Amino acid sequence: PEVADDVVADLAIGSADDVIVLLVLNAGESLSTTTANLMAPVVVNAATLQARQVVLDDPSLPLAAPLVA
């Protein structure tokens, strides 16, 4: 995903190689009802271990995407 310049600055990201993107999951009764929040991933600077959950400005990204299709 593309994140805003202020997020890059806040997390002191110097290179895309230092970035890890994590998704927040909402556990369902089973894998078929578990969803992933694609709209607000957690961006981690692996070099500094700083992280921030970022709300992306992309209306096509779902808040609750099925984990299993």
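The following questions and answers examine the predicted model shown above.

In this predicted model, local features need pLDDT of at least 70, side-chain atom pairs count only at pLDDT 80 or more, and totals for chains, interfaces and linings use all residues. Residues are numbered from 1 along each chain as its sequence is written, and side-chain values use heavy atoms, with hydrogens and water left out.

Reader: In what order do the elements of the protein run from the N terminus on?

Author: Helices (H or I, at least four residues) and strands (E, at least two) are DSSP runs, numbered from the N terminus. The protein has one helix and four strands. From the N terminus on, the order is α-β-β-β-β.

Reader: What percentage of the residues in the protein is buried?

Author: A residue is buried under 20% relative accessible area, exposed over 50% and partly exposed in between (1.4 Å probe, protein chains only). The protein has 69 residues. Of these, the buried share is 23%.

Reader: How much of the accessible surface belongs to carbon and sulfur atoms?

Author: Accessible areas come from the Shrake-Rupley method with a 1.4 Å probe, and for residues only the protein chains shown count as cover. The accessible surface of the protein comes to about 4,700 Å². The part belonging to carbon and sulfur atoms is 58%.

Reader: Which residues make up the largest nonpolar core?

Author: In soluble globular proteins, nonpolar side chains tend to be buried together. A nonpolar core is a set of buried Ala, Val, Leu, Ile, Met, Phe, Trp, Tyr and Cys residues joined through side-chain atoms within 4.5 Å. In this protein the largest such core has six residues: Val-7, Leu-11, Ile-13, Val-43, Val-54 and Leu-56.

Reader: With which residues is Val-43 in contact, leaving aside its neighbours within four places in sequence?

Author: Contact means heavy atoms within 4.5 Å. Val-43 belongs to the largest nonpolar core. Leaving aside neighbours within four places in sequence, its contacts are Val-3, Leu-11, Ile-13, Val-19, Ile-20, Gln-50, Ala-51, Arg-52 and Val-54.

Reader: How many bridges join strand E2 to strand E3?

Author: Two strands pair if DSSP finds at least two bridges between them. E2 covers residues 35–45 and E3 covers residues 50–53, and the two run antiparallel. The number of bridges joining E2 to E3 is four.

Reader: Which residue in the turn between E2 and E3 has a positive phi?

Author: E2 and E3 form a hairpin with four residues between them. The residue in question lies in the loop between these strands and counts as exposed at 69% relative accessibility.

Reader: Where is Ala-12 found?

Author: Ala-12 has a positive phi of about 55 degrees although it is not a glycine. Its place is the loop between helix H1 (5–10) and E1.

Reader: How far apart in space are Gln-50 and Ile-13, C-alpha to C-alpha?

Author: Gln-50 lies in strand E3 and is partly exposed, with a relative accessible area of 35%. Not counting residues up to four places away in sequence, Gln-50 touches several residues, including Leu-11 and Ala-12. Gln-50 and Ile-13 are 37 residues apart in sequence, while their C-alpha distance in space is 9.4 Å.

Reader: Which residues are linked in a network of salt bridges?

Author: A salt bridge is a side-chain nitrogen of Lys or Arg within 4 Å of a carboxyl oxygen of Asp or Glu, and a search of the whole structure finds two. The side chains of Asp-6 and Arg-52 meet in one (4.0 Å, N to O); Asp-6 lies in helix H1 and Arg-52 in strand E3, so this pair ties together parts that are 46 residues apart in sequence. The side chains of Arg-52 and Asp-10 also meet in a salt bridge (2.6 Å, N to O), and this pair links E3 with H1 across 42 residues. The network therefore consists of Asp-6, which is partly exposed at 44% relative accessibility, together with Asp-10 and Arg-52.

Reader: How large is the nonpolar surface patch that includes Leu-23?

Author: Patches are made of residues with over 30% relative accessible area and no salt bridge; like charges are joined within 9 Å, nonpolar side chains (Val, Leu, Ile, Met, Phe, Trp, Tyr) within 5 Å. Leu-23 lies in strand E1 (residues 19–26) and is partly exposed, with a relative accessible area of 43%. The patch is made by Val-21, Leu-23, Leu-25, Leu-31, Leu-67 and Val-68, and its area is about 510 Å².
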